[in-house]
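Colleague: I have the sequence and the coordinates open side by side. Could you walk me through a few features?

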Amino acid sequence: MINGLTLIIVSSLLFFAGYMIYGRYLAKKFGLDDTQQTPAYTLRDGVDYVPTKPIVLLGHHFASIAGAAPIIGPITAAVFGWGPVYLWIIIGGIFMGAVHDFAALIASVRHKAQSIGKVIEEQIGPFGKKLFLIFAWSTLILVLAAFLVIVARTFAAQPEVATASALFILLALVFGVAIYRLKLNLLAGTVIGVILLLLCVYLGLHFPLQLGTAPWIWILMAYIFIASVVPVWVLLQPRDYLNSFLLYFLLIGAFVGIVVANPEIKLEIYGGFSQDIGYLFPILFVTVACGAISGFHSLVASGTTSKQLAKESHVKPIGYGAMLIESLLAVIALVTVAVLTRQEYQQFMVQGGPVNLFANGVGNFMSKLGLPLETGISFAALAVSAFALTTLDTGTRLARFTFQEFFAQKGGDKQQKLLTNRFFGTLVSVVAGGALALSGHWKAIWPLFGAANQLLAALALLAVTIWLGNQNKTNWFVRYPMYFMYIMTLCALLLLIWKNAKNGHYFIALCALLLLGVSISMIYHAVKALKKKK
């Protein structure tokens, strides 16, 4: 009989083998070269371009790409049974998601750490770049709106999380100054920082900060504006680095707890092709998202991470390795639901949702190690909430980069200089996201996010495929994942159009139709560009 221990051990071994074998193969094919200075040095400005130690950058990148998605996706998709989800996380993570993140990161580094839009401009043309940047910025604004509400509601419902998060920010400011200005040893600083991080959790539990949802939205808007414009080493990087230890503790605690408990798998391996959320093909591949592959990762890799990469060889652990760690988190999330019966799973999803199910499952596993059940549940919920806030502030900086890049051109006038100003770009992005959040209209278009996110992945893979092809380099390892993601996304969009038009939800159907137009337009311009170069 299959149990939780089998699932976690097999996946861990496969992820490790993938990193060591396939990750090394990709490093060779992309020709990682440490003799080449990265943009973090050649364009160093102390604000966005800052050479960073790999362990710190891994923490920032991992915290930024993780969020709540690798937890929510697999648990939601488990309605199809644990088997299809498990296979997709492993196969998708090793051969698609990690490849996508690796490719997006090195492609950005080789293009002055600009976004995938720049790669598209050089390989497909300026129209393709503009189209991609408009699509990427719009998707990021939707993410900002949704996470402003999600985090604000979490803070209002769990005031202890709000206190801990506020203290994390203060701790990050002190940590950044200590490491970069006072030159404190990183190991010593990390030990002290992690101890203080746990103290923040303790203080949060005892001194909850109580406010309503609306006030929290306004406070968060002010915070993400500041976080986007201050130098990355001041707040974003140290906060993400320290926060990553929360997730490491969560991963280790849950992993060891599963090994000790060795829970029996009760959910069926296959739950059927058609479920309430749609058909297994293509909805499974859109729903699991970050646990296997996510287009949002390409924005992070080519947005903040590429500007801090000190050496090209760091692309493997940061681009490829971080994705596999996230896939392991997705497997753990899947195990928390796989140990339940179908009836228990459905009750959890109705009463508390996937995050509550995950927190209870992890708390249960940790209780096998002697940790009180309630403490384990609270810690898991706090870790997920902390990473939702990370998604929010990283997303804001990415939206600012995208906005600036859209209007950037050589020898611009005063108007163009205003539009590329980091303060103005951030202000526009925060106001747009905040307005969408406060209006509540984000809910109407949120169902499109899964397909939009995977379309971003397909477009990033398309750009890298053409880039490598134009250099007469092998590109099958990005080309075939690109084909697959394009097919999944187009099918998902067609289903969304049909389903929503049939139910009278014409606005969502129209938005899905526009995304379909974007994807087809990019294919057309890519083929056209390839014919010209031949």
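Modeller: Happy to, and let's begin with a proline. Pro282 has its place in helix α12, residues 280-287. Please keep in mind that this is a predicted model.

Colleague: Which residue does a cis peptide bond join to Pro282?

Modeller: The bond in question has an omega of about 10 degrees. It is a cis peptide bond, and the partner that it joins to Pro282 is Phe281.

Colleague: Thanks! Now for helix packing: is α10 parallel, perpendicular or oblique to α17?

Modeller: The axes of α10 (residues 213-229) and α17 (residues 373-407) come within 9 Å and cross at roughly 55 degrees.

Colleague: Let's turn to aromatics. How many aromatic pairs are there in the whole structure, and are the rings of Trp88 and Phe484 stacked, edge-to-face or tilted?

Modeller: Searching the whole structure gives 25 aromatic pairs. For Trp88 and Phe484, the ring centres are 5.6 Å apart and the planes stand at 40 degrees. Stacked would need planes under 30 degrees apart and edge-to-face over 60, so this pair is tilted.

Colleague: How many residues apart in sequence are the parts which that pair ties together?

Modeller: Trp88 belongs to helix α5 (residues 82-109), and Phe484 to helix α22 (residues 476-502). The pair therefore ties together parts whose separation in sequence is 396 residues.

Colleague: Is Trp88 buried or exposed?

Modeller: Buried means under 20% relative accessible area. Trp88 has a relative accessibility of 5%, so Trp88 counts as buried.

Colleague: One last thing: where is Asn472 found, and is Asn472 buried or exposed?

Modeller: Asn472 has a phi near 60 degrees, a positive value in a residue other than glycine. Asn472 sits in the loop between α21 (449-470) and α22. Exposed means over 50% relative accessible area, and at 74% relative accessibility Asn472 therefore counts as exposed.

How values were computed:
Residues numbered from 1 in each chain as written. Predicted model: local features only at pLDDT ≥ 70, side-chain atom pairs only at ≥ 80, totals over all residues. Heavy atoms only, no water. Axes fitted to C-alpha atoms, helices over the stretch in contact; angles between N-to-C directions. Helix = DSSP H or I, 4+ residues; strand = E, 2+ residues; numbered from the N terminus. Phe/Tyr/Trp six-rings, centres within 6.5 Å; stacked < 30°, edge-to-face > 60°. Buried < 20%, exposed > 50% of the residue type's maximum accessible area, 1.4 Å probe, protein only.
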